[in-house]
Amino acid sequence: MTVHHIGMIVPSSNLTMETELPRMLRARQDVIPEDDFVFHTSRMRMQHVTPEGLRAMNSQTERAALEMADARPDVVSTACLVAIMAQGPGHHCVAEDQITATLRSEGANAPVISSAGALLEGIGTLQARRVAILTPYLKPLTKLVVDYIEDAGVEVVSAHSLEVSDNLAVARLDPADLLEHYKKLDLSNADALVLSACVQMPSLSAVQPVEDEAGLPVLTAAVATTYSILTRLGLRPVVPSAGRLLSGAFDSEGVAP
C-alpha cells in the first residue's frame with residue numbers, strides 16, 4: 001500500500017474541507033485499496049466571509065505555507081475559493097505560485113493547487129462552456145465568482161446566492177437542502193452545475209442525487225479539488241457516487257479513456 005500525504009491550508013473556521021475531502025479519498029479506497037491517504041492542515045484566521053475578512057486571511061498565507069512545509073506533504077491544496085477569486089481574474093495562479101515559492105524555500109517540493117483553480121480545471125475537464133452555480137455567499141461576492149469564471153472563458157448562465165456571511169453558519173447548512181436550492185437555477189442552457197462554489201458549504205451527499213435528477217454533470221469546489229489532488233499525484237480520479245468528474249470517465253490527464 002502507498003501512503004499519500006495531503007496538505008491542506010484552510011480558513012480557521014472551515015469545518016467542511018477536512019471532512020469532505022477525506023471522505024471522498026477514503027471512499028476511493030473501497031474501489032482502489034492500494035492507495036491510502038493521510039492529511040495535514042495549516043489554518044489561517046477567518047470568521048466572516050466579507051472582503052475585509054478575506055483580505056486579513058490572505059495576509060497569513062506565507063505563515064501557513066511555512067508551517068505546511070514542515071510536514072513534507074506530497075501535494076498541497078489551499079482552500080478558500082472566494083478569498084482567491086475576490087482578488088481578481090487569474091489570481092489562483094498568483095496564489096499557487098506564492099505558496100509554491102514558500103514551500104520550495106523550505107525544501108518542500110509538493111505541487112500546489114487551489115480550490116479556485118481546481119474548480120476551473122474541473123469545469124474544463126467536463127468540457128463545459130456554460131455553467132450554473134450555487135454559492136453560500138452574499139450577492140456581491142457571488143458576482144465576483146461569476147466574473148472570475150467568465151474571465152476564464154466559461155459563461156455562467158444562472159447563479160443563486162444563499163447569502164450567508166458567517167463561515168461557521170455556512171458549514172452548518174444542510175446539504176439535503178441543495179436538492180431544492182438547485183431548482184432555483186435555470187439549467188436550460190447549462191452544460192454543468194456547480195452545486196457548491198465553496199469548499200465550506202457541505203454538498204457531497206447531494207452531488208450524485210442532483211446529478212441523477214438534473215441530468216447533467218454536477219461538481220463542487222470540493223469535488224474539483226479532490227480531482228486535482230488525485231491527478232497531481234498521478235492517481236486515477238475515481239470516487240464512487242461523487243459525480244461525473246470523479247466517475248472514472250476521465251484518466252489522470254483529464255481525457256476520457
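Reader: How many bridges pair strand β1 with strand β3, and in which sense?
Author: In this predicted model, strand β1 (residues 2-11) and strand β3 (residues 75-78) are joined by four bridges and pair in the parallel sense. Met-8, for instance, stands opposite Ser-77 in β3.

Reader: And what is the strand order in the sheet with β1 and β3?
Author: The order is β2-β1-β3-β4, an open sheet of four strands with parallel pairing. The edges are taken by β2 (35-44) and β4 (112-114), each of which has a single partner strand, so one side of each is left without a neighbour in the sheet. Neighbouring strands of this sheet are turned by 25° against each other on average, with direction ignored.

Reader: What is His-5 in contact with, beyond its sequence neighbours?
Author: Leaving aside the neighbours within four places in sequence, His-5 is in contact with Val-38, His-40, Pro-73, Asp-74 and Val-75.

Reader: Then what about β5, how many of its residues are buried?
Author: Strand β5 (residues 130-135) is mostly covered, since five of its six residues are buried. It is joined to strand β6 (residues 155-161) by six bridges, and the two run parallel, with Ile-133 standing opposite Ala-159 in β6. Between them the chain crosses through helix α7 (residues 139-151), and this β-α-β crossover is right-handed.

Reader: How many bridges does β5 have to β7?
Author: There are three bridges between β5 and strand β7 (residues 192-196), again in the parallel sense. In β7, Leu-193 is the bridge partner of Ala-132.

Reader: How many residues of α6 are buried?
Author: Nine of its eleven residues are buried, so α6 is largely enclosed by the rest of the structure. Among the buried ones are Gly-117, Leu-119, Leu-120 and Ile-123. Just after the helix, Gln-127 takes a positive phi of about 60°.

Reader: At what angle does α6 pack against α11?
Author: Helix α6 (residues 115-125) and helix α11 (residues 221-232) pack at an angle of about 85°, with their axes 8 Å apart. That makes α6 roughly perpendicular to α11. By class, the contact of α6 with α11 has five nonpolar, five polar and two charged residues.

Reader: Which residues of α6 meet α11?
Author: From α6, the residues are Ser-115, Ala-118, Leu-119, Glu-121 and Thr-125, and those they meet in α11 include Ala-224, Tyr-227, Ser-228 and Arg-232.

Reader: What covers the buried residues of α10?
Author: The cover includes α1, α9 (178-181), β7, β8 and α11. The buried residues of helix α10 (residues 204-214) are Leu-204, Ala-206, Val-207, Gln-208, Val-210 and Glu-211. Just after α10, Gly-215 takes a positive phi of about 75°.

Reader: Last one: is Arg-28 buried or exposed?
Author: Arg-28, which lies in helix α1 (residues 17-29), is buried, with a relative accessible area of 2%. Not counting residues up to four places away in sequence, Arg-28 touches Asp-35, Phe-37, Leu-230, Leu-235, Arg-236, Val-238, Val-239 and Pro-240.

Terms used. Residues numbered from 1 in each chain as written. Predicted model: local features only at pLDDT ≥ 70, side-chain atom pairs only at ≥ 80, totals over all residues. Heavy atoms only, no water. Axes fitted to C-alpha atoms, helices over the stretch in contact; angles between N-to-C directions. Parallel < 35°, antiparallel > 145°, perpendicular 65-115°, else oblique. Contact = heavy atoms within 4.5 Å. Nonpolar A, V, L, I, M, F, W, Y, C, P; charged D, E, K, R; others polar. Buried < 20%, exposed > 50% of the residue type's maximum accessible area, 1.4 Å probe, protein only. Pairing = 2+ DSSP bridges. Right-handed = clockwise from strand over helix to strand, strands pointing away.
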